[in-house]
Amino acid sequence: MKAIFAFDDINKVQVSEGPSMGGGSRTRSAEPTSSDPVRFKLTRSGGTSTLSINFIDVPISDKASAEPRQPSDMPDLTNPMIMNMIKTMFNGFKVNIGLEVDGKIVKTNAEYVTGPRITLLELDVASVLADEAKLKALQGKLGPGMSLSDVKPYLKDIKGIKVDGPAITVQFR
């Protein structure tokens with residue numbers, strides 16, 4: 001499935017952490033709030049626009065623990081049967097979340113830029129699962145309560161994943 005969204009005012013865009021399954025009584029305010037996991041702010045000055053994209057960057061809650069973390073709700077990647085099942089289930093599964101500005105990028109701190117497009121997240125699960133040794137090493141380093149800033153350094157050498165943030169600024173004309 002491919003979905004492309006365009007917005008008249010990105011300042012009003014809200015990103016939910018979970019899908020809204022109709023019938024619920026949860027309502028959203030008309031304006032973004034400080035608890036939204038991603039916030040956008042677009043300002044214009046003369047012929048240049050500046051877009052800021054900020055992801056909530058929750059700090060580690062258990063920094064004192066020096067032990068490698070093994071979250072109990074993660075599948076055991078050392079089990080070949082489970083790995084084969086995961087590879088089959090997610091074969092061809094890709095996610096790409098990007099932002100394309102209407103104009104030419106003049107300056108940005110974004111890591112993944114192609115023309116007017118910035119990649120915020122790119123995930124090719126088959127590529128990630130292809131290097132089992134790196135995946136197992138990664139699983140031992142990640143755990144609950146880690147922020148985006150904490151996780152990013154571990155993802156740099158993992159083929160098939162690109163993550164930008166937590167704070168991205170782009171100036172464009």
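Which helices do the buried residues of helix 3 pack against? They pack against helix 1, helix 2 (125-130) and helix 4 (148-155). This is a predicted model, in which local features need pLDDT of at least 70, side-chain atom pairs count only at pLDDT 80 or more, and totals for chains, interfaces and linings use all residues. Residues are numbered from 1 along each chain as its sequence is written, and side-chain values use heavy atoms, with hydrogens and water left out.

**Helix 3**
- Helices (H or I, at least four residues) and strands (E, at least two) are DSSP runs, numbered from the N terminus.
- Helix 3 spans residues 132-141, and L135, L138, Q139 and G140 are buried there (under 20% relative accessible area, with a 1.4 Å probe and protein chains only).

- Beyond its neighbours within four places in sequence, F40 is in contact (heavy atoms within 4.5 Å) with I10, N11, V13, V15, L51, S52, I53 and L99.

**Strand pairing**
- Strand 1 (residues 38-45) and strand 2 (residues 48-55) run antiparallel and are joined by eight bridges; pairing requires at least two bridges found by DSSP.
- F40 stands opposite I53 in strand 2.
- Two residues lie between the strands of this hairpin, where G46 takes a positive phi near 65°.
- Strand 2 also pairs with strand 8 (residues 167-172) in the antiparallel sense, over six bridges, and T169 in strand 8 is the bridge partner of S52.

Definitions and conventions:
Buried means under 20% relative accessible area, exposed over 50%, partly exposed in between (1.4 Å probe, protein chains only).
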